Amino acid sequence: MPDLAQRVSAALAGRYTVERELGRGGMATVFLAEDLKHHRQVAIKVLDPEVAAAIGPERFLREIETVAALTHPHILPLFDSGQAGGLLFYVMPYVEGESLRDRLNREKELPLDDALRIAREVADALSYAHAHGLVHRDIKPENVLLEQGHAVVADFGIARAALAAGEQKLTATGIMVGTPAYMSPEQVAGSRELDGRSDLYSLGCVLYEMLAGQPPFTGPTAESVAHQHLNVTPRLITDLRPAVPAAVAAALQRALAKAPADRYRSVSEYLTALQASLSGTGSKESSGRPRAWSPRAVLVAGVAVAALAVAAGWFVSRSRHPRATTMARPEWVLMTDFEGPPDDPQIANAVRELVRTDLDQSSGLRSVPQEQVRMALAMAQRPESTRVTEAVAHELAVRNEFGSVLAGQVLRIGRGFSVVLRALDGERAALVTTLRQTAKDEDDLIPSVARLTRRLMRELEVKQGAIRATRPPAPAMTASFEAFKRYRRALDLQERLRVD
């Protein structure tokens, strides 16, 4: 059977001359070709045969016709489309330049003016498309082309046709509509009632990456990234790049709100906010640092009101991440279930959470989210209730390419405690370091664990500029370890859906 390039060449002979493959993704392959009638270079996008079968030629051509009606300076136009030789295709201008992804791969972080200009141009294109009833559904750096430095949005066609076909058909082929790092929470949740606010969230993720050098959420698997879109508040952009104006940071934080109702009502409203932020006329909302909010803290309220008053404040305070001048792919640390005194099992759980929170203040280290641990156990065909010992953690680390395993033990010494941390290489289970720290009593555990975790990060050779090595982590807003234990217990109950 001839390869795809030969099939395309044969199917389109007399109309286009295929020169070479430009790239391929999960749903289509792009070829550079010459338009024989108009004597110009074009890009021909050919759908994967399984995708084409799931969508169907009639629906594809009908939806492509709708997309072809878009005429905007920042939207890549469609020249042609059709079915030939059993293949579905559409034809676009060949843009001489690079994609935003190419530029980000080269520069990591863009100058503020360039990032905002690109975001405004993409927002302008999306605003126009939304006014015509079209939602893109796959805004990402790969779909933003830079033509003489200006943004042109590509690839409205496939996502539009896929939506009309029904994602269940595509899911059956193993293909996802959208890209996990840039999908809105409602898109991750599988909602079919997507509107322009979904594209707005995706654009917020792209702007975040242009400013910070990475998307708001990263992870070892698509599932872990999806979980964070649904449940985790992104780090403030000003923590990662302090030079970003407060008004821009506030506009970005609102665009990344979990609930569509909490975002701007439209991309055009977001565009207005970005333009106002540059002229210094931002709203009162943008006059200060945007507020980070923990969705988990809200659910704890019905469990322990007294503990929440002090503990939720602790969680929000300690969840803020440090400023970092450089960004690198984080090292994923899988934490075992900590061992503790038999007479008080909550102490071990609470100390584990203290270590996790301090660990996540490093831009070089990330603890594996609990939801991802559950998924890893399921993939290993282990019950969700399996205790994560060092042996189990090593197996999960190898299966999921987690870099390190961290085990912990809390020993009672009179009125005080000794906390022991053991870091192991995730692949070989070889011991990296063992650290100990004593606490004179329960209330001394919070600052003692903070000191211990800072030593751990230094032992793991995290760059000093990426952690708060020059000052202690954000202090707990309660000195009462008993209050924190109750808070930790509330989270445990919440995770088991015991919200009563």
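Over which residues does pLDDT stay under 50, with 17 contacts beyond four places in sequence? Select residues 166-175. That is the stretch in question, and the model still has 17 such contacts for it. Here pLDDT is the predictor's confidence in each residue, from 0 to 100, and a contact means heavy atoms within 4.5 Å.

**Ground rules**

This is a predicted model, in which local features need pLDDT of at least 70 and side-chain atom pairs count only at pLDDT 80 or more, while totals for chains, interfaces and linings use all residues. Residues are numbered from 1 along each chain as its sequence is written, and side-chain values use heavy atoms, with hydrogens and water left out.

**Stop 1: confidence**

Colour the protein by pLDDT. The mean is 79, and 78% of the residues reach 70 or more. Now select residues 463-477. pLDDT stays under 50 there too, and the model has 36 contacts beyond four places in sequence for this stretch. Next, pick helix 14 (residues 295-300), which has the lowest mean pLDDT among the elements, at 34. Then jump to helix 9 (residues 196-212), which has the highest, at 96.

**Stop 2: the whole protein**

Zoom out. Show the cartoon: the protein has 20 helices and 13 strands. These are DSSP runs numbered from the N terminus, with helices being H or I of at least four residues and strands E of at least two. Buried residues make up 53% of the 500 residues. Buried means under 20% relative accessible area, exposed over 50%, and partly exposed in between, with a 1.4 Å probe and protein chains only.

For contacts with a separation of 6 or more, residues 24 or more positions apart account for 65%.

**Stop 3: helix 10 and its neighbours**

Select helix 10 (residues 222-231). Ser 224, Val 225, Ala 226, His 227, Gln 228 and His 229 are buried in this helix. What do they pack against? Show helix 8 (185-188), helix 9, strand 9 (331-335) and helix 17 (370-379).

Stay with helix 17 and pick Gln 370, which is found there. Gln 370 counts as partly exposed, because its relative accessibility is 25%.

**Stop 4: the largest cavity**

Rolling a probe the size of a water molecule over the atoms shows where empty space is left. On a 1 Å grid over the protein atoms alone, a cavity is a set of points where a 1.4 Å probe fits but cannot get out, and lining residues have an atom within 4 Å of a point. Grid points are joined across faces, edges and corners, and a volume is the space filled by probe spheres set on the points. By this rule there are 2 cavities of 30 Å³ or more.

Go to the largest, which holds about 80 Å³ of space. Of its 12 lining residues, select Val 67, Leu 76, Pro 77, Leu 78 and Phe 156, which lie nearest its centre. Strand 5 (87-93) and helix 6 (156-165) each supply at least two residues of the lining. The lining divides into 10 nonpolar, 1 polar and 1 charged. Ala, Val, Leu, Ile, Met, Phe, Trp, Tyr, Cys and Pro count as nonpolar, Asp, Glu, Lys and Arg as charged, and the others, Gly among them, as polar.

Keep Val 67 selected. Val 67 lies in helix 3 (residues 57-68). Is Val 67 buried or exposed? Val 67 counts as buried, because its relative accessibility is 7%. Its C-alpha atom is separated by 9.5 Å from that of His 132, 65 residues apart along the chain.

**Stop 5**

Select Thr 29 in strand 2 (residues 28-35). Thr 29 is buried, with a relative accessible area of 7%. Beyond four places in sequence, Thr 29 touches Leu 4, Glu 21, Gly 23, Arg 24, Ile 44, Lys 45 and Val 46.

Move to His 39, in the loop between strand 2 and strand 3 (40-47). His 39 counts as exposed, because its relative accessibility is 65%. Check its backbone: phi is positive, about 55°, although His 39 is not a glycine. Most residues other than glycine have a negative phi.

Notes
1 Å grid on protein atoms, 1.4 Å probe; cavity = no way out; pocket = protein on both sides within 12 Å on 5 of 7 lines; lining within 4 Å.
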